[in-house]
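Please keep the sequence and the model in view while reading.

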Amino acid sequence: MIQLPDLAVGGLAAGTLSALALAGTLLRLRRQQSRQRAEISALHHQLDASIRAFTAEVEHLANHRVPAAARKVAHPHLEVPGPLQPSVLGTPAGIALENVLLALQSEVSAQRTRVDAAAQAGMRGATREIQAALYRLQDALRGLQQRYDDPELAQTLFQLDHENEQSLRRAQVAAVVCGAWVGLAREESHLVDAVTGGQARLAGYQRVTVHNHLEPGTALVSHAVEPVAIIVAELLDNALRHSSPDTEVLVSLAHVHHGVCVTVDDAGLGMTRDERERAQRLVAGDDPILLTDLGDPPRMGLAAIGRLTRQFDLGVDVSSTSPYGGVRAVLRIDKHLLSRIDPEERPPAASAAPTTRRPASEQTAVPPHAYGTEHGEAEPAGHRTAPDTAPDTDALPQRRRRTRPAVPEPAAAESAVPEPAAEHTAGAGWPARSPRDAAAALGALQSGTAAARAGAAELPGAFAAGADDTEQTDHTDDRADDDLADDRTEGGAAR
C-alpha cells in the first residue's frame with residue numbers, strides 16, 4: 001500500500017519534467033520562428049529594394065546610356081554617362097550592363113557602315129551619269145568655240161564652259177569621296193600645268209597668284225596628273241571661300257628633298273584647334289570616310305583629298321598657319337611620282353606661270369652684253385671670263401639687252417646724226433646700260449615723238465605738203481631720235 005504513492009509521485013515528477021522540457025523546446029522554437037520571420041521580412045525588403053534599384057538602373061540605361069553610346073559611334077568625343085549607383089560597377093549586373101552597351105555600339109557601327117556604303121554606291125551611279133553628261137556638254141561647247149569667231153559669242157561660250165567646269169568638278173569630287181575613279185586618264189604633263197588646270201576650275205581664279213620655282217621640265221607621271229589637279233583645286237577652293245574677296249591666294253611650287261611641294265597660303269580667318277585637327281584627320285586619309293560625317297550639306301573637299309592621298313601616295317598638311325593669318329596647306333609630291341619633259345619639245349601651256357629658274361645653259365654661260373657688268377661696260381665679243389664660283393641655280397634670272405642689228409644709215413641721216421663716240425661703236429651691239437637709263441631714254445623718245453605729232457596736227461597744211469618726205473625719213477628720224485636720246489642719257493649718267 002505504501003509503494004503506490006511513491007510510484008505516482010515519481011510519475012508525476014517525470015511528467016512534470018517532461019512538460020517543462022517540452023515547454024522550453026516550444027518556447028525556443030517559437031523564438032526561432034520569430035527570428036526567421038524577421039529575417040524573411042528583411043530579405044523581402046532587401047529584395048524589393050534591389051529590384052527597384054535594378055529597374056531604375058535599366059531605365060537609366062535605356063533612357064540615357066544607350067542613346068549616348070549610339071551617338072558616340074558617330075561622335076567619339078561625346079561621353080557616355082555611368083550607372084546611377086557607383087556600387088554597381090564591377091558587379092555581375094554592372095558587367096552585364098556594360099556588355100549591353102558594347103554590343104549595341106558594335107551593331108550600330110556595323111549598320112551605319114552598311115547603310116553608308118549603300119548610299120555611296122547610289123551616289124556613285126548618279127555622279128557617273130552626271131559626269132558623262134557634263135563631259136558631253138564640255139565637248140559641245142569647245143566645238144562651238146572652234147567653229148565661231150564672233151568675240152561676244154566666244155566670251156559667252158567661255159563663261160558657259162567655265163560654269164560647266166565648276167559643275168564637273170563638284171560631281172567629280174562627290175564621285176571620288178564615294179570611292180569612284182577620278183574619271184580622266186592623262187599623259188605625262190608639266191606640274192605647273194596641273195596646278196594651272198586646278199586653278200581654272202574655280203570661281204575667282206583671278207585671285208590666285210602662282211610662283212613657279214621649279215626646274216624647267218618638271219612633270220608628273222600620267223596617273224598622278226588628275227589627282228594633283230583635283231587636290232590643288234580643292235585646296236584653292238577652301239582658300240578662296242574662307243578669305244576676303246579683295247585678298248590674294250598665293251601658290252608656290254618648289255623643290256624639296258623628297259620631291260616637290262605645292263604651298264597654298266591664304267589671308268582668311270584661319271581655323272580653330274579642333275577644326276585644324278579634324279581637317280588634318282580628313283586629309284590624311286587614315287580613317288574610313290562616311291557621308292554622315294561630312295555634315296549637312298556634306299562638305300566633301302577635304303574628304304576627297306584624303307581619299308586621293310591614300311590612293312596615290314601623296315601627302316597633304318593643313319596644320320600650319322600662313323604668314324598672312326590664314327591657313328597654309330602643303331601638298332607634297334614624292335620623287336616616284338615625278339617625271340621630266342623636254343621643255344623645248346613640249347613647252348608648258350601659255351597660261352602657266354613661267355619658272356624663275358634658269359636653264360642649265362644660261363646658268364653657266366655669261367652673255368657678252370648683260371646688265372651688271374662693271375662700270376656698265378660691255379664685255380668684248382668672243383671673250384668670256386670663267387666664274388670664280390659655281391653659279392647659283394636658285395638665283396633669279398637677269399634681263400639681258402638684245403643686240404640691235406646693223407642697219408645701213410641713209411646719207412641724209414648720216415649728215416643729221418652726230419658720229420657716236422668710239423666706245424659706243426665698240427662691239428657687235430649697242431653699249432650696255434642700266435634698266436633705269438634705258439627706261440629714261442625710252443621715255444624721252446616717246447615724249448619727243450608725242451610732242452612732234454601734236455605740233456604736226458596743228459599745221460595740217462604743212463603736214464599734208466610734207467607727208468611724202470615724212471614717210472621716207474620716218475625710219476631715219478626715229479633712229480636718230482633714239483641715238484640722241486641714248487647720248488643724252490649716257491651723258492647724264494656720266495655727269
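Two strands are said to pair if DSSP finds at least two bridges between them. Helices (H or I, at least four residues) and strands (E, at least two) are DSSP runs, numbered from the N terminus. This is a predicted model, in which local features need pLDDT of at least 70 and side-chain atom pairs count only at pLDDT 80 or more, while totals for chains, interfaces and linings use all residues. Residues are numbered from 1 along each chain as its sequence is written, and side-chain values use heavy atoms, with hydrogens and water left out.

In general, strands of a sheet pair through backbone hydrogen bonds, either parallel or antiparallel. Here, five strands form an open sheet with mixed pairing, in the order E2-E4-E5-E7-E6. Its edges are strand E2 (208-212) and strand E6 (315-321), each of which pairs on one side only. From one strand to the next, the twist averages 20 degrees; axes are lines fitted to C-alpha atoms, for helices over the stretch in contact, and angles run from 0 to 180 degrees between N-to-C directions.

Helix H4 (residues 191-199) packs on this sheet and touches E2, strand E4 (249-256), E5 and E7, where contact means heavy atoms within 4.5 Å. The direction of H4 makes about 160 degrees with that of E4.

Within the sheet, strand E5 (residues 259-265) and strand E7 (residues 327-334) are joined by seven bridges in the antiparallel sense. Val 264 has Ala 329 in E7 as its bridge partner. E7 also runs antiparallel to E6, with five bridges between E6 and E7, and Asp 317 stands opposite Val 330 in E7. E6 and E7 form a hairpin with five residues between them, and Gly 325 in the turn has a positive phi of about 95 degrees.

Is Ser 189 buried or exposed? This residue lies in strand E1 (residues 189-190). Ser 189 is buried because its relative accessible area is 16%, the limits being under 20% for buried, over 50% for exposed and partly exposed in between (1.4 Å probe, protein chains only). Beyond its neighbours within four places in sequence, Ser 189 contacts Ala 219, Leu 220, Val 225, Ile 341 and Arg 346.

For the chain as a whole, there are 13 helices and eight strands. Of its 495 residues, 30% count as buried. Among contacts with a separation of 6 or more, 77% involve residues 24 or more positions apart.
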